[in-house]
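Biologist: Could you walk me through this model and tell me what stands behind the labels you use?

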Amino acid sequence: MTYEAYLDQAIGQLHDEGRYRTFIDIVRHKGQFPHATRRRPDGSEQPVTVWCGNDYLGMGQHPVVLAAMHDALDSVGAGSGGTRNISGTTLYHKALEDELADLHGKESALLFTSAYIANDATLSTLPKLFPGLIIYSDALNHASMIEGVRRNGGAKRIFRHNDVAHLRELLEADDPAAPKLIAFESVYSMDGDFGPIEAICDLADEFNALTYIDEVHAVGMYGPRGGGVTERDRLAQRIDIINGTLAKAYGVMGGYIAASEKMCDAIRSYAPGFIFTTSLPPAVAAGAAASVRHLKTDQALRDLHQERARILKTRFKAFGMPLIDHGSHIVPVIVGNPVHTKLLSDMLLDDHGIYVQPINFPTVPRGTERLRFTPSPVHGPDEMDKLIRAMDSLWSHCALNRQELAG
Ligand SMILES: Cc1ncc(COP(=O)(O)O)c(C=O)c1O
């Protein structure tokens with residue numbers, strides 16, 4: 001077989017399984033999010049409203065963030081010019097790490113180029129620091145955690161999603177003297193459900209395990225200063241390593257861990273994914289720091305975000321849309337069939353200028369294919385009215401099931 005043929009086979013397999021991904025090209029308009037312009041493959045343009053972005057609070061266009069980025073760009077130029085060890089550590093990186101350590105009430109924080117890399121690099125490095133480490137990982141953890149755990153060569157146990165009794169069984173089955181770490185998330189991004197943080201911390205205490213939490217879909221949005229669900233529930237001190245992103249609620253780019261000084265020092269010194277890569281551009285660090293700082297006090301924005309999510313869920317429910325509601329900001333409407341999900345997404349986009357990406361297997365289990373809406377403070381009543389009208393008419397058009405309202 002030729003190299004070309006191998007590529008054809010790999011791509012063809014995705015087409016055959018209905019898993020081939022097509023990207024929608026959009027240009028977002030600063031100051032007008034969630035409005036954007038779609039560029040169709042034929043070059044024509046269409047105004048669209050983005051309903052599936054993870055710029056959850058609209059911070060990607062916030063004047064405080066943009067000003068900080070412009071200032072840094074004008075003062076120090078574009079790239080950092082090096083790895084953290086070789087000329088790539090600047091005052092901007094240090095200031096952002098200080099801001100993040102303070103956010104989570106930890107001694108230290110360590111920046112990575114994304115939260116994906118932060119998860120992968122940290123989890124794959126921990127067994128080097130704790131020989132014989134066993135990692136207990138929630139079955140629905142993000143791909144970046146799975147990859148980090150998989151690559152680390154250490155022992156792993158997968159516990160059923162949010163099943164603390166199963167986690168206990170697994171912990172009990174292992175050598176009490178073995179070093180252990182429990183890795184899980186605070187908000188799972190596809191269902192919008194919360195991890196049982198306190199119960200997991202109790203188990204960690206009982207079995208002398210370290211705790212690692214991914215707060216990627218919570219930082220900036222939960223807790224009185226945006227420190228995530230661990231801050232909201234006053235549990236941050238019981239978590240050894242907190243992972244977060246600067247690319248979603250903070251609206252910029254980058255990822256991090258926050259932990260003890262010693263833990264950060266060790267990861268900094270041993271993780272290839274931290275050591276051997278160019279650090280974030282200073283302007284990115286400056287924008288992220290401004291965003292984190294701003295959201296430490298802007299509770300009104302957090303409240304508005306939650307209110308918009310509640311309103312959207314209430315309005316969907318009134319039309320009998322089958323949605324998953326765990327009380328978070330994520331609004332998944334279950335279609336339950338990949339063909340219908342893609343069809344709905346295409347019709348929303350082409351006929352109504354509403355952009356929501358279909359979510360299919362393997363991202364979610366078969367039979368739970370969905371449209372995942374992410375309402376934000378910048379999705380006002382007009383955008384919401386348009387969305388509700390479009391969904392209602394398409395739901396009828398496709399003769400999809402509606403749920404009876406309880407009570
Ligand atoms: C749970 C979770 N962790 C980590 C990441 C990676 O974050 P980043 O985009 O900063 O790499 C994502 C991204 O979607 C995520 O959903």
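What follows is a conversation about salt bridges, helix packing and a few backbone details.

Modeller: Happy to. This is a predicted model, so local features need pLDDT of at least 70 and side-chain atom pairs count only at pLDDT 80 or more, while totals for chains, interfaces and linings use all residues. Residues are numbered from 1 along each chain as its sequence is written, and side-chain values use heavy atoms, with hydrogens and water left out.

Biologist: Why is the pair Lys 296 and Glu 99 called a salt bridge?

Modeller: The term asks for a side-chain nitrogen of Lys or Arg within 4 Å of a carboxyl oxygen of Asp or Glu. In Lys 296 and Glu 99 the closest N and O atoms are 2.7 Å apart, so the pair qualifies. A search of the whole structure finds 26 salt bridges.

Biologist: Where in the chain do Lys 296 and Glu 99 sit?

Modeller: The pair links distant parts of the chain, 197 residues apart. Lys 296 is in the loop between helix H11 (282-295) and helix H12 (299-318), and Glu 99 is in helix H3 (residues 91-104). Helices (H or I, at least four residues) and strands (E, at least two) are DSSP runs, numbered from the N terminus. Both Lys 296 and Glu 99 are buried (under 20% relative accessible area; exposed is over 50% and partly exposed in between, with a 1.4 Å probe and protein chains only).

Biologist: What makes Asp 346 and Lys 342 partly exposed?

Modeller: Asp 346 has 28% relative accessibility and Lys 342 has a relative accessible area of 36%, so each falls between the two cut-offs. Their side chains meet in a salt bridge, 3.0 Å from N to O. Both residues lie in helix H13 (residues 338-352), four residues apart, about one turn of the helix. Elsewhere, salt bridges that share partners join Glu 99, Asp 102, Arg 225, Glu 231, Arg 293 and Lys 296 into one network.

Biologist: And how do you know whether Asp 233 and Arg 232 are buried, exposed or partly exposed?

Modeller: Asp 233 is at 34% relative accessibility and Arg 232 at 39%, so both count as partly exposed. Asp 233 forms a salt bridge with Arg 232, with the closest N and O atoms 2.8 Å apart.

Biologist: On to packing. Why is H6 called roughly parallel to H7?

Modeller: The axes of helix H6 (residues 164-173) and helix H7 (residues 197-206) come within 10 Å and cross at roughly 15°. Angles under 35 degrees count as roughly parallel (over 145 is roughly antiparallel, 65 to 115 roughly perpendicular and the rest oblique), so H6 is roughly parallel to H7. Here axes are lines fitted to C-alpha atoms, for helices over the stretch in contact, and angles run from 0 to 180 degrees between N-to-C directions.

Biologist: Which residues of H6 and H7 meet?

Modeller: Val 164, Leu 167, Arg 168 and Leu 171 in H6 meet Ala 199, Ile 200, Leu 203 and Glu 206 in H7 (contact means heavy atoms within 4.5 Å). These residues divide into six nonpolar, no polar and two charged. Ala, Val, Leu, Ile, Met, Phe, Trp, Tyr, Cys and Pro count as nonpolar, Asp, Glu, Lys and Arg as charged, and the others, Gly among them, as polar.

Biologist: What makes H3 roughly parallel to H11?

Modeller: H3 and H11 pack at an angle of about 25°, with their axes 8 Å apart. That angle is under 35 degrees, so H3 counts as roughly parallel to H11. The residues of this contact divide into ten nonpolar, one polar and two charged.

Biologist: How do you know whether Cys 201 is buried or exposed?

Modeller: Cys 201 has a relative accessible area of 1%, under the 20% limit, so Cys 201 is buried. Cys 201 lies in helix H7 and touches Arg 238 and Ile 239, not counting residues up to four places away in sequence.

Biologist: What makes Asn 208 worth a look in the backbone?

Modeller: Most residues other than glycine have a negative phi, and most peptide bonds are trans. Phi of Asn 208 is near 50°, a positive value in a residue other than glycine. Asn 208 is in the loop between H7 and strand S8 (210-214), and its relative accessible area of 65% is over 50%, so Asn 208 is exposed. As for peptide bonds, the one from Phe 33 to Pro 34 is cis, with omega near 10°.
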